[in-house]
Amino acid sequence: MRSSINRPPTPDQEEDEEEEQGKEASLGDIINLKKLVESGEKERLMELLRERLVECGWRDDMKALCRAYARKKGRNNVTLDDLIHVITPKGRGQ
């Protein structure tokens, strides 16, 4: 699993990577993923997912959680890592 260039990895990524080390992607999985990328279908699916998350209010919920946490701790006392650690479980529905 690759980390995004635009944001740091989520706190649970290390645990996920340990679980995935035992599972290697099959050749068929790799080919299917390559087809998704080459056809532009992956980007279309990502955009659809973004739209659906906005429509259902998930994005607004995450924004509200960040704001509430920043108010509680004080705006100058909050780091991006703190926010990621707080909202990741809720954002993933855990």
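Which pattern does the protein chain follow when read along the sequence? In this predicted model, the chain follows the pattern α-α-α-α-α. The protein chain has 5 helices and 0 strands.

**Chain overview**

- The protein chain comprises 94 residues, of which 11% count as buried.
- Considering contacts between residues at least 6 apart in sequence, 51% join residues that are at least 24 apart.

**Helix α5 and its buried face**

- Helix α5 spans residues 80–91, and within this helix L83, I84, I87 and T88 are buried.
- Viewed down the axis of α5, these buried residues fall within an arc of 125°, so they line one face of the helix.
- The partner against which the buried residues of α5 pack is α4, which covers residues 58–73.
- After α5 comes G93, a residue with a positive phi, near 80°.

**Geometry of the α4 and α5 pair**

- The axes of α4 and α5 come within 10 Å of each other, and they cross at roughly 140°.
- The crossing in which α4 passes α5 is right-handed.

**Residues of the α4 and α5 contact**

- From α4, the contact is made by W58, M62, L65, C66 and Y69.
- From α5, the contributing residues are D82, L83, V86, I87, K90 and G91.
- By residue class, the contact of α4 with α5 divides into 8 nonpolar, 1 polar and 2 charged residues.
- L83 and I87 are buried residues of α5, and both also take part in the contact with α4.

**W58 in helix α4**

- W58 is located in helix α4, and this residue belongs to the contact with α5.
- Is W58 buried, exposed or partly exposed? Its relative accessible area is 31%, and W58 is therefore partly exposed, since buried means under 20% and exposed means over 50%.
- Leaving aside residues up to four places away in sequence, W58 touches L53 and G91.
- W58 and G91 are 33 residues apart along the chain, and their C-alpha atoms are separated by 7.8 Å.
- G91 is likewise listed among the α5 residues that make the contact with α4.

Note on methods. Residues numbered from 1 in each chain as written. Predicted model: local features only at pLDDT ≥ 70, side-chain atom pairs only at ≥ 80, totals over all residues. Heavy atoms only, no water. Buried < 20%, exposed > 50% of the residue type's maximum accessible area, 1.4 Å probe, protein only. Helix = DSSP H or I, 4+ residues; strand = E, 2+ residues; numbered from the N terminus. Arc of directions from axis to C-beta. Contact = heavy atoms within 4.5 Å. Axes fitted to C-alpha atoms, helices over the stretch in contact; angles between N-to-C directions. Left-handed = near helix turned anticlockwise from the far one by under 90°. Nonpolar A, V, L, I, M, F, W, Y, C, P; charged D, E, K, R; others polar.
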